[in-house]
Amino acid sequence: MASKNSNSIPLFLSAILGFLAVALGAFGAHGLKSILTPDLLAIYETGARYHLIHAVVLLVLALSGKLSESKFRRIGFWLIFSGILIFSGSLYALSLTGIRVLGAITPFGGLAFLTGWASIAYSAFSDKE
């Protein structure tokens, strides 16, 4: 059995989020197209798009093997992870329930994405060994 390393959990989580992004995207495209109104379907698709893009970012970070070398890359990973849950999750919930107040949560996920990206950018000039 392969030994566990510090990238096992990030790799596992990014792979699961990628799997879910594809599954939920397909569900939206095929299962919800005739059920949701066009505006709610567009909201769902936005959540799915951001979900997939950021799952790929997490996968790249996990596969880079550099998460353990940089506190700011690790922070960026977890902020983007949180962004997927909050941003995409709130858009999925809004589109499926029609409860518009859920949209008030979405910007917090967007802020998590932005600060995650900023943290990764900052890591380029910090945490040097």
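Because the model is predicted, local features need pLDDT of at least 70 and side-chain atom pairs count only at pLDDT 80 or more, while totals for chains, interfaces and linings use all residues. Residues are numbered from 1 along each chain as its sequence is written, and side-chain values use heavy atoms, with hydrogens and water left out.

**Overall architecture**

The protein has 4 helices and 0 strands; helices (H or I, at least four residues) and strands (E, at least two) are DSSP runs, numbered from the N terminus. Along the sequence, the pattern is α-α-α-α. The C-alpha atoms fill a box of roughly 55 × 35 × 15 Å along the principal axes. Of the 129 residues, 37% are buried, where buried means under 20% relative accessible area, exposed over 50% and partly exposed in between (1.4 Å probe, protein chains only). Among contacts (heavy atoms within 4.5 Å) with a separation of 6 or more, 73% are between residues 24 or more positions apart.

**Helices and their packing**

Helix α1 (residues 8-31) has 24 residues and reaches 33 Å from its first C-alpha to its last, close to the 34 Å expected at 1.5 Å a residue. The expected span is 1.5 Å times one less than the number of residues.

The buried residues of α1 are Pro 10, Ser 14, Leu 17, Gly 18, Ala 21 and Gly 28, and their cover includes α2 and α3. In α4, the buried residues include Gly 109, Phe 113, Gly 116 and Ile 120. What covers the buried residues of α4 includes α2 (38-64) and α3 (71-97).

Two packed helices are described by the angle between their axes and the distance between the axes. The axes of α2 and α3 come within 8 Å and cross at roughly 160 degrees. That angle makes α2 roughly antiparallel to α3; angles under 35 degrees count as roughly parallel, over 145 as roughly antiparallel, 65 to 115 as roughly perpendicular and the rest as oblique. Axes are lines fitted to C-alpha atoms, for helices over the stretch in contact, and angles run from 0 to 180 degrees between N-to-C directions.

| Residue | Relative accessibility | Class |
|---|---|---|
| Ser 123 | 2% | buried |
| Ser 90 | 5% | buried |
| Phe 81 | 15% | buried |

Ser 123 belongs to helix α4 (residues 106-123). Apart from residues up to four places away in sequence, Ser 123 touches Ser 70, Phe 72 and Arg 73. The side chains of Ser 123 and Arg 73 are joined by a polar contact of 3.4 Å, that is, a pair of N or O atoms within 3.5 Å; within protein, one must be able to donate a hydrogen and the other to accept it, and residues adjacent in sequence count only if both atoms are side-chain atoms.

Ser 90 is found in helix α3. Its side chain reaches the backbone oxygen of Ile 86 at 2.8 Å, and a polar atom of the Ser 90 side chain lies 2.9 Å from the backbone oxygen of Phe 87. Beyond neighbours within four places in sequence, Ser 90 contacts Leu 85, Leu 102, Ile 105 and Thr 106.

Phe 81 also lies in helix α3. With neighbours within four places in sequence set aside, Phe 81 is in contact with Leu 13, Leu 17 and Leu 58. Phe 81 and Leu 13 are 68 residues apart in sequence and 8.6 Å apart in space, C-alpha to C-alpha.
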